[in-house]
Structures are given as structure tokens and as C-alpha cells.
Amino acid sequence: MPGILCAIRGGPASQPTILASIELAKETQETIYFLYVVNLDFLTHTSSSKTNHISKEIEEMGEFILLSAQEQAVLAGADAECVIRDGKVMEEIVAYCQELKPAYVMLGTPEEDREDNLLTLERLQAFAERIEDTCQAQVIFTPG
Amino acid sequence: MNNYKRFILIIVMLVTASWIFSWDQSATAQEGQDSLYIYGKMQDTQFQPIQGVEVGLFQAGSQTPITSTFTQADGSYALPVDQPLENALEIHYHRTHFKDEVVPFPQQARNTLSEDDSVTLPIMVLEREITLAFWVSAVVFIIMLILIASGYLHNTLAAFAGASALLGISYLGKPLIPSLFIFSFSQAINYIDWNVIFLIMGMMMVIAVVENTGIFHWLAYHAYRISGGKMWLLLPILMLITGVSSAFLDNVTTMLLMTPITVQIALTLNISPLVLLIPEVFASNVIGVSTLIGTPTNILIGSFGNITFNDFLINLTPGVLAAFIALIIYSWFSYRDELDTEISVSPTLLKKLEERGKITNPENLSKAGWIGGGMLLLFIFGERIHLLPSVTALIGSAALLIWIRPDIEEMISAVDWTTLVFFMSLFIVVGSIQEVGLISYIATQIGNLIGENLTLAMIVITWFSAILSMIIANIPFTAAMLPVIGYLTTIIPGADSKVLFYCLSIGAALGGNGSLIGASANMITAGIAERAGYKISYQYFLKKGLPALVITVAISLIWLFIRF
């Protein structure tokens, strides 16, 4: 069941990626799989005892982000599914690609003014190659 | 119980009581008959009692004491004298980090002792001595603050490493350079405020039960329903929910729970979550300060300054509520454009919000409500029987656990041990700078700067704390400031109302609103918001937070001027 994998974080920066996925889905008649990864790395400097509980809360928040994207897709006439995973973002995207074997993987490019963004253009390029090597999907970049 | 058993019970109780009474009498009589005592008290130059001073009575020129003892926590000592005394006596006072003192034993006091009467000497003041240990402790403390502020090490690890380094230096360094000795292990442990540790631990267990009941989802959904989707109404309702929760739970837990739910509401209404989240975190930092248990800094202040739950309610809450109202008005103004925008509700997300807006464990919530209510009564009325807040928290948490019988492993893991270790280590690090006299030095300098002007002291402490709390972690800052405030309270006329402790409380907590790194709750909110794709930058937070800080601190301070 090839499809379009669209990993999103939510917020305005994800909108171009969501819209591009919808356009591609309408064009190719593929289903979009919106993926949200629950990552709790930011909790390393606070209470570890809250990790379990907060993981559930952020998962629910992720569900809302995905439902919002799915609603957008459905309204635009595209099929969309929602997927949530826990862990490191890049690792989980690759792992899900291996499971899904999508035809396309949509990746948002980092904003230029985001100095803190770990996903630099070079890293993103290397990441795209890794995806293409592991599941032979075509990676499409969208401005993020 | 039949009459026979009742009679036996009364007899046993009477016998026990009379035995305790007679034992007490005989002990006193024994003490009175056999020993004479030289009583006295030791203080530092800031009138604070000094514990652990070695007090010895010596024959002049002799190296062996006739008798010796150590001072207690209140600085007092009782030197037993059980042999006839000769002339030319001296009393030697010795304690690490203080200058040794040798004073002649007064002839009049010797005469009194020879008449078989105990004698009380005047209060003795010891001066501080700056040794190598002073600088070592100062450096370790500053490094710990830098490590925490920079985020290079986890707070707990930074404090734990600091405490270990201080003890390591004391024990390993002393044989090489004696002046490196800071304090012994038992002295270090004595600096840990167990009232704070057990209060936090007890409250963590209660919170762990409450947070799993779905109450926050229910409240958030009903906030939306009551507001009817009107943003200008939804905003203050969510701020109030967050604020009231923060008054009883810690701010970090409150924001951990409220942020994801607020993001869900914002997505449903198709607005930026920051419009709701930023005012919420401000409200959490502001209203949290209104109760003894609302912030860790208040717990520290309450325990050190002997300020009760009621004291906080009476002396701080009205000012905090006024500041909160001003904060709502400021938030309306600050986000006026976003609040005026027409909202479009997503039916799918609204349905999901409604599904989630249910109490998931009504039985536990009801039990937690009863126990929480009982704890509140004990916090309020317990002071009449000198019930410590930590004891109330322990009784409440134990009762709740017995009542709901949760998986005990799960409950124990819900206790944030890293925070408790952080506090214990922090107490040791701050204790070291107290031990070597750094705090005393700072207190003297601030005292000289402020003089005896209470108004100036209130302004300086409040704003100084607020500005510093924007930059450095407010918990170590508060812990270090407490002895300073304690000193100022004793020297500034009118400060015995403990008003300066309230100034510290306001400054340390509300100062957190001034910058993203000013409070842990801010960082948590920013972290979760970023996971939803909404970044809260340092500049953005500063732009919104600095006016909030100025407004809320100013109003709270005005209240303190009115109140005191």
C-alpha cells in the first residue's frame, strides 16, 4: 500500500508540507499518512517522574495536530490517515518508512532564521538519502 | 469495653503517668544536686546563634580543659563544673571559620560557683574568620549556579556534584591544608531542611493521584463551554484554572498538564496556542505565590521564616489577586488583535475535545477531594497545635494512598526523586556558604547599604530578587537569600513582621515571568509548545513577560506597603 508519508510537527511551519502533500495526493490518488512523533527530549532538564504521564498528554496533543491536518486533507478531497509514534524523530520516520514503504516522503526544509534547528539543510539531505536507500521512496522537500 | 477492663486501663494510665512524673522529678533533682553549671550563649556578629562552638574552662596556661562542652542549635551551652575551682581561670571558645577567643573567667562568677550556685555568663560574640574554605565554597556555589543557568548539567546533577565536591574537599583536603575544611558530614546533613523535603514529597504523591483523574481535561473543556468560544472570556477562565491549580500544585506540574490541553483547545479554535499559553504561564507564576505550597520558593521561605499557610493567605493573597486582575487586563491588551479575530471551530476537533473532557477516574477524584479538603483544613488550623506543613502533607498522602490502594511502585515512581535530591544537595551547598561566612558577609554588606530604612529594604529586596530571578534559578537564589533576609529582619526596625520574607517571595516567584529561563514552568511550556510547532523564543517571552513582571511585582509590592 504505497502512499505519501508526511511527518509533521504542527504549527504554521508545517502548513506548506501539509498543503504540498494534499496536492500530491490529489494528483497521484495516494493516501497521505500524517506522522507525528512524540519526543520528550526537552524533559531531560526537569522531572523524570512526569515522563509517563506527559508522554500520554503529548500523544493526545499530537492526535489533535494530526486530526487537524487530516481534516484539511479530507476537505480538499484527499484521503488521509494519522499515525503517532514515540521516540527520536528521525529514527521513527525511517522506521515507519520501512513499515509503510511509501511512494513519497514529504519533508519540510528548516527555516533559515531557526539557528537552533538541528535539521540543517545538509543533515536533511543526508537524511533524505538514508530514506531513499532504506525504502526507495521519493523524498520531496517543501519549504518549512 | 466492660467496666473491669476500663478500670484496669485507668489504673495502667495512672501508674504510667505517675512514673513519668516521678522519673522527671528525680532526674531534675539529681541534676540539681550533683552538678553546678556555667551557662552561656554564643552569637555571631549578626546576632545569630552559633552551634558547635567548643567551650572549655582552662587553668591559665594549661592546655587541658578542666571541663568543656559544645553549644547547641540555639547557641547556648551548659558547662558542667564538678570540682572546686582555683584562681586564674580562662574560658576558651573555638569553632572553625570563627576567630578563637580566650577570656578570663570572672572572679565574681567563680565566687558564685564556690557558693554552690550555677552561673550565667554574658552573651559572647565570635567574629568570622575568612579562610581558604571561604573562597572554595564561594567558587563551588558560583559554578553550581552557572551550570544550572547554562543548562550544561541537570539541576540535580549540578547541585549533587557541588555538595559532593564540598564534602570531598573538606575530608580529602583537610589533611593537606587544614584551612580547606568546610564542614563535617553531620554538619552538612544538619543544613538539610527536612520539613521542606517531606512537604514536597507528600504533595507529589497527592498530585500524582489528582493528575490521573482527567480533572484538567474536564476543566479545560468546560472553560471552553462556559466561554461559548468567546476568546476574551476563555482567556481569563483558563488563566484562573491555571492559577488556582498552581496555588496548590507546583507550577511545573500545572503547566505540564495545562499546556497540551491548551494547545488542543487552540487547535480546535484554529488560533495560535501562544495567545492562551503565555498568559497561563504568567498566571501560574503569579497565583502560585499566594500559598505556602504553591511554589518551592514559598516552601523554603515558610520553613525558614516560620511563616504559616495562613500567614501567606493573609499577607500575600490579596496583593496577588490584585496583581492577577491586572495581569488579565494586560493579557487582553497584549493579545488584543488575536482575541478580536473571528474564530472558526473545527467540528472534528471539538468532538474530540468533548470526548476527552470527561473525568476518567471519578472515584479517585472524589477521594482526593476529601483528603485534599482535609489537608487544607490542617494547613489552615494546624498551626494552632504547631502542626508542621510537612506532617500535614505526609498524613494526607498516606491517608490517600491507604484509601485508594494504588500500585505502590507506581506511586513511589511518581515522586520526583530528582527534585528531592536537588533540594537536599542544594541545602548542603548553600549550607557551606553559610558555614564559612559568605552569606553573613553578603548580609552585612546589604545591611550597610540599606541601613535601617524598611521601605528601602522592601523595594530593594523585591526588585533585586525579581531581576535576579529572571537570570538565575530562583530556588538556589532563594535558599541563599534566606539567612540574609533573616539577618535584615533582626536589624531593621519594623521588619520583625517578616515583611522582607514576603518581598523575597514576590520577587523570586514573579521575577520568573521576566524571561523564558526565569522559571521552570516557562521552559516546560515552551518545550511542549515547540512540540506542537509553536516556538516561544527568548525575545518573544521577554517582550511579553517583562511588562507582566513590572506590573505584577509593582502591584504586589504596593499591597505589602498597605498591609505592613
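Q: Which residue in E3(B) does B:Val55 stand opposite?
A: B:Val55 stands opposite B:Thr69 in E3(B). Keep in mind that this is a predicted model.

Q: What makes strand E2 (residues 54–59) of chain B and E3(B) a pair?
A: The cut-off is at least two bridges found by DSSP. E2(B) and E3(B) are joined by 5 bridges, so they count as paired under that cut-off. The two strands run antiparallel.

Q: How do you know that strand E5 (residues 89–94) of chain B pairs with E6(B)?
A: By the bridge count again: at least two are needed, and E5(B) and E6(B) have 4, in the antiparallel sense. B:His92 has B:Val102 in E6(B) as its bridge partner. The hairpin of these two strands has 6 residues between them, and B:His97 takes a positive phi near 75° there.

Q: Why are strand E3 (65–70) and strand E6 (101–104) of chain B said to stand at the edges?
A: The open sheet has 4 strands in the order E3-E2-E5-E6 (chain B), paired antiparallel. E3(B) and E6(B) each have a single partner strand, so one side of each has no neighbour in the sheet. On average, neighbouring strands of this sheet are turned by 20° against each other, direction ignored.

Q: What is the strand order of the open sheet in chain A, and is the pairing parallel or antiparallel?
A: The chain A sheet is open and has 5 strands in the order E3-E2-E1-E4-E5, with parallel pairing. Its edge strands are strand E3 (80–86) and strand E5 (138–143) of chain A, since each pairs on one side only.

Q: How many bridges back the pairing of strand E4 (residues 104–109) of chain A with E5(A)?
A: There are 6 bridges, in the parallel sense, against a cut-off of at least two. A:Thr109 stands opposite A:Pro143 in E5(A).

Q: Which strands does helix H4 (residues 121–135) of chain A lie across?
A: H4(A) lies across E4 and E5 of chain A, running at about 175° to E4(A).

Q: Why are H13(B) and H25(B) called roughly antiparallel?
A: Two packed helices are described by the angle between their axes and the distance between the axes. Helix H13 (residues 317–334) of chain B and helix H25 (residues 538–563) of chain B pack at about 155°, with axes 8 Å apart. Angles over 145 degrees count as roughly antiparallel, and H13(B) and H25(B) therefore get that label. Their crossing is right-handed.

Q: What classes of residue make up the contact of H13(B) with H25(B)?
A: The contact has 13 nonpolar residues, 4 polar and 1 charged. Among them are B:Leu327 and B:Tyr330 of H13(B), and B:Ile551 and B:Trp559 of H25(B).

Q: How do you know that H8(B) and H9(B) are roughly antiparallel to each other?
A: The axes of helix H8 (residues 231–248) of chain B and helix H9 (residues 251–269) of chain B cross at roughly 155° and come within 9 Å. The limit is over 145 degrees, so H8(B) and H9(B) are roughly antiparallel. H8(B) passes H9(B) in a right-handed crossing. The residues making this contact include B:Leu238 and B:Thr242 of H8(B) and B:Thr254 and B:Met258 of H9(B). By class, the contact divides into 2 nonpolar, 6 polar and no charged.

Q: Into which domains is chain B divided?
A: They are domain 1 (35–126), domain 2 (132–190) and domain 3 (194–563). The C-alpha centres of domains 2 and 3 of chain B lie 29 Å apart. Their contact takes 21 residues from domain 2 and 18 residues from domain 3. On the domain 2 side, H3(B) gives the largest share, 10 residues. That side has 16 nonpolar, 5 polar and no charged residues.

Q: How many residues does each chain give to the contact of chain A with chain B?
A: Chain A gives 25 residues and chain B gives 30. The chain A side has 8 nonpolar, 12 polar and 5 charged residues.

Methods:
Residues are numbered from 1 along each chain as its sequence is written. Chains are lettered from A and ligands numbered from 1 in the order in which they are written. This is a predicted model: local features need pLDDT of at least 70, side-chain atom pairs count only at pLDDT 80 or more; totals for chains, interfaces and linings use all residues. Domain bounds come from an automatic or database domain assignment. Two residues are in contact if their C-beta atoms, placed from the backbone, lie within 7 Å. Ala, Val, Leu, Ile, Met, Phe, Trp, Tyr, Cys and Pro count as nonpolar, Asp, Glu, Lys and Arg as charged, and the others, Gly among them, as polar. Axes are lines fitted to C-alpha atoms, for helices over the stretch in contact, and angles run from 0 to 180 degrees between N-to-C directions. Angles under 35 degrees count as roughly parallel, over 145 as roughly antiparallel, 65 to 115 as roughly perpendicular and the rest as oblique. A crossing is left-handed if the near helix is turned anticlockwise from the far one by less than a right angle, and right-handed if clockwise.
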